[in-house]
Amino acid sequence: MKKNVLIIGAGGVAQVVAHKCAQHADVLGDLHIASRTVSKCDDIIASVRAKGHDCAFTAHGVDATKSAEVAQLIRDTGVQIVINVGTAFVNMHVLDACIETGVAYIDTAIHEEPDKICETPPWYANYEWKRREACAEKGVTAILGAGFDPGVVNAYARFAIDQMDEVKSIDIVDINAGSHGKYFATNFDPEINFREFTGVVYYWEDQQWKETTMFASGHEWDLPVVGPSKAYQSGHDEVHSLATNYPQADVRFWMGFGDHYINVFTVLKNIGLLSEQPVKMADGGEVVPLKVVKACLPDPASLAPEYTGKTCIGDLVKGTKDGEEVELFVYNVADHKDAYEEVGSQGISYTAGVPPVAAAMLVASGEWDAKAMKNVEELDPKPFFTLLDRIGLPTRVLKGGLKGEDMAWTDL
């Protein structure tokens, strides 16, 4: 049994993680949250207290780009599980600190370097997977990409594939049918959000990596609750682990975008404002255009109070069973307003923040304490779904594909 949790980060997803950890402190033990800006951590703890949770919860200051600082904080607090929901730029530093101190590590997105975009696939092989041997040697549990996508969608793929003799394709579809009421905003860190869409779109097809560009390949998906929605093939973390673990299957990721988002994004990109490389100003100073855009856009956490509508995220998995063609759509629907009422966050943060807490609870209980590095599809999805059903993200299945019979995953 592992207990006591350190949350790295103090953004919108961290707020959800903090609330959910507090709701389940009987399992997770004492709670700690750390960021460069301690006041943000204090605000999150205050929001937890406002919901009536009186568990042990302490704020700390840390520079998560410095492994030694993170390692010392782990020792000082005595935590056994670290949930990293800071910027993707700190992943490897936090992971190294966890390996050094022998505690469990959970994150929700792949590591990135500030000056690099869309590196050679599979992306995990460039950073996290290089620490596999170290995790195994020290018996350190490291669960990679345990948010929603990546994360829950990886578990959806594993669950669907377990019902088949052979898998042929995995199409992950992410539709946000909500409205935040702003002229233009991103649902999570603008810097990370835009970086996903400015480089090459990699996907796995015919047992090889293929490339396209953002918004070049679109498809209208008719999903439960949210209805017909246009989505575009995008590069995304989970494609890279799923393609490695299921090389016989085509693996693609589709994300919904409206025409307004595409128009604004295209203008920003075409005039160079989404570049991650510094540019020289007339006065001789330098700025990174992408960081300027981020500073000008609304903080994603500020969108929550006025956000309305729902999300639908799921996997359409095709294969064969007993010689017959099989299609399953495994999915979840979440509501922005429900998320705000429960934890003070919008639905995108909620779907990203609940799953790592479920993963932490499974590590605490021993069910997912693998003592090795794992992507989510390499772990048993059933206890994960059971917890998600209970703590806010129920799993549903359309048997027969998008027009099939709707049922609980337990009835399949």
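Between domain 1 and domain 2 about 4,100 Å² of area is buried, with carbon and sulfur atoms giving 62% of it; buried area here is the accessible area (1.4 Å probe) that two parts lose on being put together, summed over both. On the side of domain 1, the residues that lose the most area to domain 2 are Phe148, Glu377 and Phe385, which together make up 20% of what that side buries. This is a predicted model, in which local features need pLDDT of at least 70 and side-chain atom pairs count only at pLDDT 80 or more, while totals for chains, interfaces and linings use all residues. Residues are numbered from 1 along each chain as its sequence is written, and side-chain values use heavy atoms, with hydrogens and water left out.

The domain assignment of the protein places 5-148 + 345-391 in domain 1 and 152-343 + 395-411 in domain 2, the bounds coming from an automatic or database assignment. Into the contact (heavy atoms within 4.5 Å) go 48 residues from domain 1 and 47 residues from domain 2, and the C-alpha centres of the two domains lie 21 Å apart.

Turning to charged pairs, the count between the domains is 1 salt bridge, a term that requires a side-chain nitrogen of Lys or Arg within 4 Å of a carboxyl oxygen of Asp or Glu. The side chains of lysine 20 and glutamate 342 form a salt bridge, at 2.5 Å from N to O. Helix 14 (381-391) gives the most to the side of domain 1 that touches domain 2, namely 7 residues, helices being DSSP runs (H or I, at least four residues) numbered from the N terminus.

Note on methods. Helices (H or I, at least four residues) and strands (E, at least two) are DSSP runs, numbered from the N terminus.
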